[in-house]
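Reader: I would like to go through the backbone and packing features of a model. Please take one feature at a time.

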Amino acid sequence: MGPPGAGKTTVGKIISCKLGLPFIDIDDDILEKTWNMTVADKLSEIGGEKFIEEEGKVLLHFSANESVVSLTGSNPMHTAGMQRVKQGGIVVYLDVNTEDIIQRLSKMKVTRIVGQGPGVSMREILRYRQQFYEKWYDTRVLCGAGETVDEMVEKVLKALQRYQDSESETFVSTRSNLLDKDGSDTDPKFFSDVVIEGLAPDGGLYVPRSGLLKLTPGEWLRMVDMSFPERSQVLLENCIHPADIPASELNQMLNKAYADNFACPRIAPVRHLKRNQYVQELFHGPTASFKDLALQLMPQLFAYCLPQTCNYLVLVATSGDTGSAVLNGFNNLNEVERQRIAVLAFFPEEGVSPIQKLQMTSFKEGNVKAIGIKSDFDYCQNVIKQMFCNSKLTGYLAVEYGTVLSTANSINWARLLPQVVYHSSAYLDLVRQGVIAFGDPIDVCIPTGNFGNMLSAVYAKRMGIPIRKFICASNQNNVLTDFIRTGEYDLRNRQLSLSNSPAIDILKSSNLERYIFHISDGDWQLVRELFSQLDREQYFKIPNALLERIRTDCLAGWCSEEECLSAIRHVHSATGYILDTHTAVAKVVADRLQDRTCPVVISSTAHHAKFAPAVLQALKFQDATGSPLDQLSLLSSLGSQPPMHAALLKSLRGSEKQKHKVCVANFDSLSDEVENVIQDSFLKAY
């Protein structure tokens, strides 16, 4: 299936020979024989609308077994006919570069295309038809500009093989092998399994056994002019097997995830800051942080993969931004889905900004709730891991309430995966803007706490984005900086310090485990040993060979509170642009470590309004002690860029005086809260 001029017939004939199957061309072998006239004559006789209907009627009576069939370019415009086709086979979409198609059609001088006529350009026809092709395909073959027929054939064969081999794309834990002696999986885990489970039973994190598919430069270049949802579709199709989530379902999810809930239609735009520095604005979603890019999609993935046999409670530890993004994302599910899914977020009571706290505690109805904990983020994250690994608790909840625990932190693969898209998209935007040509290197500088954002950039590189250096930026909680410089992860005698950049006030970085697994070539025994030692002794040291690999990839630095505030002030003075505190941390580190020989993309992970007191302090406002809404009003009065975040402002109105629950840092007490949420969510009458 594909547009006229895509090469369907030529490619189909070669594939039929290679597979030893009959070839059927719908135009020549079916339509013309049924009508006893040429397709061009039929189109001329009855016109385009009636032609599609007549063509569809023929398709409804068409059947073929073990054949390669070339559909017409207009077949996908007939719903009933395509439903019949999909029942009988695998629909492969030849997604060919528009310029290649137009060149071919001009040489062929084709006159039998529905919609063709005076004043109608072929480009318009192709653009209109794209929606129909995207609706019906089972697997897509994305063709780079100028690809040969032989290259297209090989891609189709690989796509068919992947589609039919749903057992091949499994996941493993970072801490165990899970293979029999013959090399087969003892308990294969697929995407739909790891989305629901979140954490592996052995305490490790799930990763794809065979890694992620690498795209060709031609395929990347095809995405340069695509929208963010379109780029997401292409990339995630390569990471999620259609047996887990069909392309049509994924398309619907993406169109819902990245729509008018984002303030900027480009979703994650890249803007020039100064010199060779660019910021990728990741804060245009409904809760004003980069977490929205994953958490407007992840709840839909979760709900789709959910077994019908039980209820699920999603536990989340947050240092500020994840909480409101998770609560918002799951709250947007439909009523039926919300009846089976509840969310409980734990946040450090004194470790988030006032506005972050108001965002989370404003969710008072339905199955989503946030609780403050009298401890730090590391405790919140650790207690959730303890609950997952406590068979007495999980067994009790399963038997008593028919409820299973899951997580939406970046330890869940489905939380991490969508973040790969925006790092890839940043590079493609620089290509589209003419800043670089595809293949030129860039650096990325990311404010880093739990290492998930950094790791997703690593995955983007593994898929083919030419990232030269990953620059890890920390505040004074600089355990990652020390680790990347020395190879020692040392939590002994290290206390968490509260800062103006609370989202990276983290000492125990969960996703570092995945990174070490990858750079050690999947040495799960080493990973298990290191992180078991970290749990026992609060310390581990990696072998020197691994440290050298890390240093090849990464640079790391940290910035003080004073440097952070100074960066906000100086950037605003020079450019009129206001950085949030986390982006300012990254800016300071990029200034210090990046050599300016290539562009550097700084991840702007939150809107500055979420950290209004610190930003106002940085900008030397004398009276910044009012309510959060007063503080946002002061920031708005500056008329600076980026403009005030409307959705954030709306969410805060009316929530300033609301009370919320605060708990002591005790496993049993928090387990009771888990049970209370389950009772409130799943034992009520609907």
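Author: N36 is exposed, at a relative accessible area of 69%; exposed means over 50%, buried under 20% and partly exposed in between, with a 1.4 Å probe and protein chains only. The model is predicted, so local features need pLDDT of at least 70 and side-chain atom pairs count only at pLDDT 80 or more, while totals for chains, interfaces and linings use all residues. Residues are numbered from 1 along each chain as its sequence is written, and side-chain values use heavy atoms, without hydrogens and water.

Reader: What is the phi of N36, and where is the residue placed?

Author: Most residues other than glycine have a negative phi, and most peptide bonds are trans. N36 has a positive phi, near 55°. The residue sits in the loop between α2 (26–35) and α3 (39–46); helices are DSSP runs of H or I with at least four residues, strands are runs of E with at least two, and both are numbered from the N terminus.

Reader: Which loop holds D521, and is D521 buried or exposed?

Author: D521 lies in the loop between α23 (512–519) and α24 (524–537). Its phi is positive, about 60°, although D521 is not a glycine. D521 counts as exposed, with 60% relative accessibility.

Reader: Is the peptide bond from Q641 to P642 cis or trans?

Author: That bond is cis, with omega near -10°. P642 belongs to the loop between α29 (628–636) and α30 (646–652).

Reader: Which residues of helix α5 are buried?

Author: In α5 (residues 79–88) the buried residues are G81, M82 and V85. Seen down the helix axis, they fall within an arc of 95°, so they line one face of α5; the arc is that of the directions from the axis to the C-beta atoms. Their cover includes α4 (48–60) and α7 (122–136), where contact means heavy atoms within 4.5 Å.
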